[in-house]
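Here is a short report on a two-chain model. Please look over the sequence and the structure first, then read on.

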Amino acid sequence: MKPAPFGYERPRDLQAALAVLAEADASVKIIAGGQSLGPMLNLRLVEPELLIDIAGLAELKQVERQGDELVLGACVTHADIEDGRIPDVTRGAMQGVAGNIAYRAVRNRGTIGGSLSHADPAADWVSALSALGAKLTLRSLAGSRIVAMEDFIVGALESALRAGEIVKTVHVPAMPASAHWGYVKSCRKTGEFAHAIGAVMIDPSAATARIVIGAIDSAPIVMTDAAELFGGRVAGDYKDRFDSRVAEAILARAGVSDAAHRHIHVNVLKRAVREAAA
Amino acid sequence: MRNERDFPSADGAGAGQGVGARLPRKEDDRLMRGRGQFVADIRLAGMQDVAFVRSPLAHARIRAIEVPERYRASVFTAADLAGVRPIRAVSGLPGFKISEQPVLATGKVRQVGELVAMCVAPTRAEAEDIAATVTLDLEELPAVHDMRKAREPGSALVHEEWGDNVFLETNFEVDISRAFDAPIKVSREISTARQCMSPLEGRGVVATFDHRLDQLTLYSAAQMPHITRSGLSECLGMEQGRIRVVSPDVGGGFGHKGILLPEEVCLSWLTMRRGHPVRWTEDRREHLTASSNCREHHYRITVYADRDGRLRGIDCEATVDSGAYSSYPFSACLEAAQVASILPGPYLMPAYRCRTFSVATNKCPILPYRGVARTGVCFALELILDLVAAEAGLEPGEVRLRNLVRPEQMPFDNITKKHFDSGDYPEAMRRALASIDIGGVRARQRKGEIDGRRIGVGVSIYCEQAAHGTSVYSGWGIPMVPGHEQASARLTPDGGLELRVGVHSHGQGMETTLAQVAHEMLGVDVAKVRLILGDTAMTPYSTGTWGSRSMVMAGGAVATACRELGERARHIGAKLLQHDPAVVVLQDGAVRGFNGSVTLKEIAHTWYRRPQDLPTGVDPGGLEVTSGYKPQRDSGTFSYAAHAAVVAVDPDLGEVEILDYVIVEDGGVLVNPMVVDGQIYGGLAQGIGTALYEEMPFDAAGQPLATTLADYLLPGPTEVPAPRLDHMETPSPYTQFGVKGIGEGGAIAPPAAIANAVNDALRPLGVELMQSPITPYRVVEAILARSDAERPVA
């Protein structure tokens, strides 16, 4: 379990990193915390010719509040969020998610941008940030573009990143005071990847709900207007109106063919809804 | 100095260090500070690393192995290993078919991960790079992946020359037809998953050749260095004296490290061929996919009982997936053939039948894992006894109490002639039931849970035969039959004590517990007792550490050697005191007479430095004794424990949480109860792994599907509850101090207790699980299957 030989660059700033990325005529991987890429390299599941290490780039560790949203650099670690070292606009939701990602050793090094770029459907940020309505700034030498979370994750381990592009920042909208948050995952054991995730942000006073079913074999199911799960409308009684059969049908349509898996996903989601209402 | 500060001093009374003392472990000082010396810590000048090319297919004919020209000198295949013989682990049991395991594949590959070529380079990464350039031209053959289908006619054959896939079939029967008219008859199929042993440290090998001694030295993480030496000698065709096996600190064995590895043979050959030291360190993927599988049992079992729950008989067909090869020295039939003799356990029954099959498949060889066969047997028997209880309308605990061997029957020969030395099994069960508060749990169940989970309680009990010796193993005809166990004891010139034993310690704390035995005999401060183990050049021959035998056998040998040493010291001491030897005693580290005493230190000083003061006729053997030991009966000690678990099962998510866990254990006289507690905690963790987490699945092509620890789940600190332990102490009548072997028991009973608790929780839903591990998926699947079955047809 030793990686195949690879080249290694540690650029001094983002511009230099993008330049190396743009110029490389070899297969390239960006490495930040290395918590997923490290094992994959060791198992020789990926054999890039060049690694570009962005873990030292100060620009990617900045966090600032811009109007109604919080902008986090891609190299902010899970532990930075867990420990409250950065501001929060989600009324503790992100802190709660961060504190339950894998194990502390992983959280110390793993980054929010790295997790999203890896696009593992079972990763917490993939589901949680979709439910929070986050957007990402993707940057290349040619410029930058903004992509909503639900458009960013395309499939299992597949993102909308193009060649030459990296995740620069994550934009998290401030959670309205009237919104309810629920996040539940089912793991075989503490710290392992989830086999079912339910992430919900429900605002009964605005009659809106963002509902995510995650940790399926493809991109998470993101419902930006989830009224159908609650009998057609989102209101104060949403907890009682949650319809498991609709959730079940949505999962079946998404290709989750195994009844036991669907059953677990539906119940995890139901608990997330209940947690939001609590 | 450190030890003298940390340990109760022997000065004064000398109390608190002998048999029964809860001493902290001496070895933990280095192990807990990261100063242990494991195989992977060894650095030798000029050492190079080895990576293996392993078979990517479960079953294939090798057409060609292509090595790029530039690496020809660094890559070795079977064709290079002229004169190296395959590993042959035979058994003398009638009908046993012999497999030959080439150390590098020849002709065919029979499992994923089988060694095909050996690549050597200055670093492991470079060796892996070379391995990646070797291409295998393989003709894939149908894989034998299901042990039950493997017995059907027309199955592909793992070893063509056999004509079938059965290593060994056995049959044992006592009056089974007399049970057939019993009013209660329950039949089930019950199975345990294939597992990986997963010690913290995997295997590792460093091989080097010493021309001065004309000796190959093999450093290996091994439980049984002397047996490894015998195996190497057979494969390499070298005299045993030309081979030294050193096993340094070992990070957990559990049976996995009792096996002769093809890698050990390969590296031994390689260092002699290349003229420099070589190293191979098993990585976790190799560990999971290529070598350390265990536990895969299937039972078709029927229990006959009277209405009052009393057993009339058990009828069983057990199949064990033995994998592709017979492992040295225990052989491929260790598990299945034992099942027939140990299934009845501590229960009374007038009739019994068991057929067993050890089946070859295209998977890793099955290896003995802590509890060897007993975990599966306990799972099968204890699960089906709960169904007898349900049929009889009795509490499961009550069914046990009505059928367990009673204390007044001891010593007791059960229906398979296992000789139980001592114990009160019903009392252990009664205490477990009381401690788990069975009445309280039943009341809680009637009330129901506010969170919708279902509560269940389960019990299990087992016996652990340990330190069984010549009379048991001679019949097996395997390459290793234990006889007497030896130990050497030597007083150093400054009054310290050196002990040399052929068993090894890989987490059991024997550097402490054997020192306690010596202290018990001689009164030497435990801090001044040094254990030397794990080196064929420094220790008496021993079959090593397996079968929970070390405290009984090596403990007995240390006591015997120390007793003889003490006698010699007493005679010297008497002379120094100017007494008749008949009137002096050895007590608390000194020889004492009417009006004075002389310490062992002074006696040692006299023997080594002032021999002019020795009595005439002194024993010329001096203060160094090698002596041997066997218990009065070598049919084994029987320790046992009753386990009881309370679980909460979440029917929505399938999750199982252990709310309470009780263990009432009887290991005879405990040399160090704290070390025993540690053994039980560790065993429980492994048992919980078997019950709820660990599984090595294979697909129909024989590919192992759990190749990293993200797929192969081991319980961690958050999954293992703190059990409540209760010790009983029934001495063995046959052993020194009345000790019994206890090393494996912790891992035997938990899967059955937990599964019974889960089934107790789900029984009102009409759901039962008869397969380990009990995963969330399996729980939900079983519940859904039941509700489908009950749904009225529209």
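## Chain A as a whole

Take the contacts in chain A between residues at least 6 apart in sequence: 61% of them join residues at least 24 apart. Two residues are in contact if their C-beta atoms, placed from the backbone, lie within 7 Å. This is a predicted model, in which local features need pLDDT of at least 70 and side-chain atom pairs count only at pLDDT 80 or more, while totals for chains, interfaces and linings use all residues. Residues are numbered from 1 along each chain as its sequence is written, and chains are lettered from A and ligands numbered from 1 in the order in which they are written.

Chain A has 11 helices and 14 strands. Helices (H or I, at least four residues) and strands (E, at least two) are DSSP runs, numbered from the N terminus. The radius of gyration of chain A is 19 Å, close to the 19 Å that the globule rule gives for 278 residues, so chain A is as compact as a globular protein of that length. That radius is taken over C-alpha atoms, and the globule rule is 2.2 Å times the number of residues to the power 0.38. The C-alpha atoms of chain A fill a box of roughly 55 × 45 × 35 Å along the principal axes. Of the 278 residues in chain A, 47% are buried. A residue is buried if 20 or more other C-beta atoms lie within 10 Å of its own, exposed if 12 or fewer, and partly exposed in between, with C-beta atoms placed from the backbone.

## A domain and a buried serine

UniProt, in an unreviewed entry, places the feature "domain: FAD-binding PCMH-type" at residues 1-177 of chain A. UniProt positions are given in the numbering used here, feature names are shortened, and annotations may be inferred rather than shown by experiment. Over residues 1-177, chain A is 30% helix and 25% strand. The end C-alpha atoms of this stretch are 49 Å apart.

Ser115(A) lies in helix 6 (residues 112-118) of chain A. Ser115(A) counts as buried because it has 25 C-beta neighbours inside 10 Å. Leaving out residues up to four places away in sequence, Ser115(A) touches Gly110(A), Ala123(A) and Trp125(A). Gly34(A) is 81 residues away along the chain, yet its C-alpha atom is 9.5 Å from that of Ser115(A). Ala119(A) lies in the loop between helix 6 and helix 7 (124-132) of chain A. Its phi is positive, near 60°, and it is not a glycine. Ala119(A) has 20 C-beta neighbours inside 10 Å, so it counts as buried.

## Where the chains meet

17 residues of chain A are in contact with 24 residues of chain B. On the chain A side, helix 11 (residues 259-277) gives the largest share, six residues. The chain A side divides into nine nonpolar, four polar and four charged residues. Here Ala, Val, Leu, Ile, Met, Phe, Trp, Tyr, Cys and Pro count as nonpolar, Asp, Glu, Lys and Arg as charged, and the others, Gly among them, as polar.

## Chain B as a whole

Chain B has 18 helices and 30 strands. Its radius of gyration is 28 Å, close to the 28 Å that the globule rule gives for 794 residues, so chain B is as compact as a globular protein of that length. Its C-alpha atoms fill a box of roughly 105 × 75 × 50 Å along the principal axes. Of the 794 residues of chain B, 58% count as buried. Among contacts in chain B between residues at least 6 apart in sequence, 80% join residues at least 24 apart.

Helix 6 (residues 284-291) of chain B is mostly covered, with six of its eight residues buried. Among them are His287(B) and Leu288(B). The cover includes strand 1 (48-54) and strand 9 (195-196) of chain B.

Helix 11 (residues 438-447) of chain B is hardly covered: the count of buried residues among its 10 residues is zero. Asp437(B) sits in the loop between helix 10 (425-436) and helix 11 of chain B. Asp437(B) has a positive phi of about 60° although it is not a glycine. With 16 C-beta neighbours inside 10 Å, Asp437(B) counts as partly exposed. Gly448(B) follows helix 11 of chain B, and its phi is positive, near 85°.

## Cis peptide bonds in chain B

Tyr328(B) and Pro329(B) are joined by a cis peptide bond, with omega about 0°. Pro329(B) lies in the loop between strand 16 (311-321) and helix 7 (334-342) of chain B. Another cis peptide bond joins Met410(B) and Pro411(B), with omega about -10°.
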